[in-house]
Amino acid sequence: MNSQQIAAHLMQNSCRMFKGRTCHPEPEAIREIVLHARAALLPNYFEPQVTETHAQTIDRLHQVLTEQIHRASYQECIHKGGTEETRRTAAQKSTAFVEQLPLLQDMLYEDVMETLQGDPAATGPDEIILTYPGILALGVYRAAHELVKLGVPLLPRMMTEYAHRLTGVDLHPGATIGRSIMIDHGTGIVVGETAVVGNHVKIYQGVTLGALYFPKDEQGMMLREVKRHPTVEDYVILYSNSTVLGGETVIGHHSVIGSNTWVTRSVPPYSKVTYETESVVRTREAH
Ligand SMILES: CC(=O)OC[C@H](N)C(=O)O
């Protein structure tokens with residue numbers, strides 16, 4: 001086979017495997033959306049990429065977003081048999097998203113202030129905005145979650161996975177995460193699709209809000225859209241490497257979940273969950 005034949009074979013095979021879907025959001029455009037959204041939300045910190053004014057940044061964001069929402073919805077549009085309608089809907093969703101930018105900015109500033117209050121190592125908002133992976137991950141999550149609420153398929157997950165690759169913080173765009181969140185030392189953190197996190201929650205490195213089991217139907221097929229991940233109420237602190245699992249698990253407000261804990265049952269408000277303390281054995285006398 002020559003390269004043309006191989007290419008044709010791969011193309012055909014790919015269409016067969018993925019049911020002929022030929023149009024997807026473009027990974028490069030995801031980067032552009034994230035960078036433009038960041039420049040729009042934090043205009044004094046991040047320069048626009050190719051545009052000159054703040055308004056142009058927002059216009060460009062709207063334009064790229066419309067195109068990518070359209071591409072994400074293209075499969076639906078084939079079934080409906082009309083691309084113009086999909087494009088119009090994509091533009092409407094993009095407009096609705098852009099109108100939410102002031103709210104997203106408020107939420108991001110609240111995250112920054114919560115982090116400033118919670119981390120004595122932070123010298124000020126500038127350091128947090130410019131350096132904290134948690135703020136980048138939260139910013140992208142908050143934008144992606146708005147798109148989930150607007151019913152945009154695929155694109156939100158591509159956005160949070162882009163941030164995941166940069167930060168090691170995996171916040172599923174379908175999760176419901178409240179306001180004033182601090183993620184300190186953001187690395188190796190997972191918040192699953194159906195997790196619910198309240199306000200003023202502090203999350204340290206290595207925290208997992210995960211599933212405990214995967215419910216199946218009578219045919220043994222995994223049930224999707226079932227609540228599999230925990231609920232964490234307001235003012236909870238989740239210290240490093242704590243693992244909280246299960247859709248029915250509720251961490252009551254003002255609780256502290258200590259490092260290296262494994263929690264699969266609900267705990268009432270104001271609880272403190274700890275891993276057994278270390279034991280120190282003296283192996284020989286000091287001289
Ligand atoms: C975070 C987590 O539990 O992931 C497991 C699986 N992806 C799920 O969503 O259930």
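**Strand pairing**

I began with Thr243, and I found it standing opposite Trp262 in strand S13. This is a predicted model, so I read each entry here as a description of that model.

Next I looked up which sheet holds S10 and S13. I found an open sheet of five strands, in the order S1-S4-S7-S10-S13, with parallel pairing. Which strands are at the edges of this sheet? I noted strand S1 (169-171) and strand S13 (262-263), each of which pairs on one side only.

I then turned to backbone angles. Most residues other than glycine have a negative phi. Against that background I wrote down two entries.

Ser180 has a phi near 55°, a positive value in a residue that is not glycine. I located Ser180 in the loop between strand S2 (176-177) and strand S3 (182-183). Is Ser180 buried or exposed? Its relative accessibility is 9%, under the 20% cut-off, so I put Ser180 down as buried.

His200 also has a phi near 55°, again positive and again not in a glycine. I traced His200 to the loop between strand S5 (196-197) and strand S6 (202-203). With a relative accessible area of 24%, His200 is partly exposed.

**Helices H8 and H9**

My next stop was a helix pair. Helix H8 covers residues 133-149 and helix H9 covers residues 155-167; their axes come within 8 Å and cross at roughly 175°. How do H8 and H9 run relative to each other? An angle over 145 degrees counts as roughly antiparallel, and therefore I logged H8 and H9 as roughly antiparallel to each other.

I listed who makes the contact. From H8 come Pro133, Leu136, Ala137, Val140, Tyr141, Ala143, Ala144, Leu147 and Val148. From H9 come Leu155, Pro156, Met159, Thr160, Ala163, Leu166 and Thr167. Sorted by class, this contact has 14 nonpolar residues, two polar ones and no charged ones.

**Two more residues, and some distances**

I picked Thr57 in helix H3 (residues 54-72). Thr57 is buried, at a relative accessible area of 1%. I also checked Thr57 against Pro153: they are 96 residues apart along the chain, and their C-alpha atoms are separated by 24 Å.

Ser279 lies in the segment after strand S14 (272-273). Its relative accessible area is 65%, and because that is over 50%, I marked Ser279 as exposed. How far is Ser279 from Pro133, in sequence and in space? I noted 146 residues in sequence and 34 Å in space, C-alpha to C-alpha.

**The whole protein**

Last, I stepped back to the overall picture. The protein is divided into domain 1 (23-168) and domain 2 (188-277). Their C-alpha centres lie 26 Å apart. In secondary structure, I read off nine helices and 14 strands.

The C-alpha atoms fill a box of roughly 75 × 55 × 40 Å along the principal axes. Of the 287 residues in the protein, 43% are buried. Finally, I looked at contacts between residues at least 6 apart in sequence: 46% of them join residues at least 24 apart.

Note on methods
Residues numbered from 1 in each chain as written. Predicted model: local features only at pLDDT ≥ 70, side-chain atom pairs only at ≥ 80, totals over all residues. Heavy atoms only, no water. Axes fitted to C-alpha atoms, helices over the stretch in contact; angles between N-to-C directions. Helix = DSSP H or I, 4+ residues; strand = E, 2+ residues; numbered from the N terminus. Parallel < 35°, antiparallel > 145°, perpendicular 65-115°, else oblique. Contact = heavy atoms within 4.5 Å. Nonpolar A, V, L, I, M, F, W, Y, C, P; charged D, E, K, R; others polar. Domains from an automatic or database assignment. Pairing = 2+ DSSP bridges. Buried < 20%, exposed > 50% of the residue type's maximum accessible area, 1.4 Å probe, protein only.
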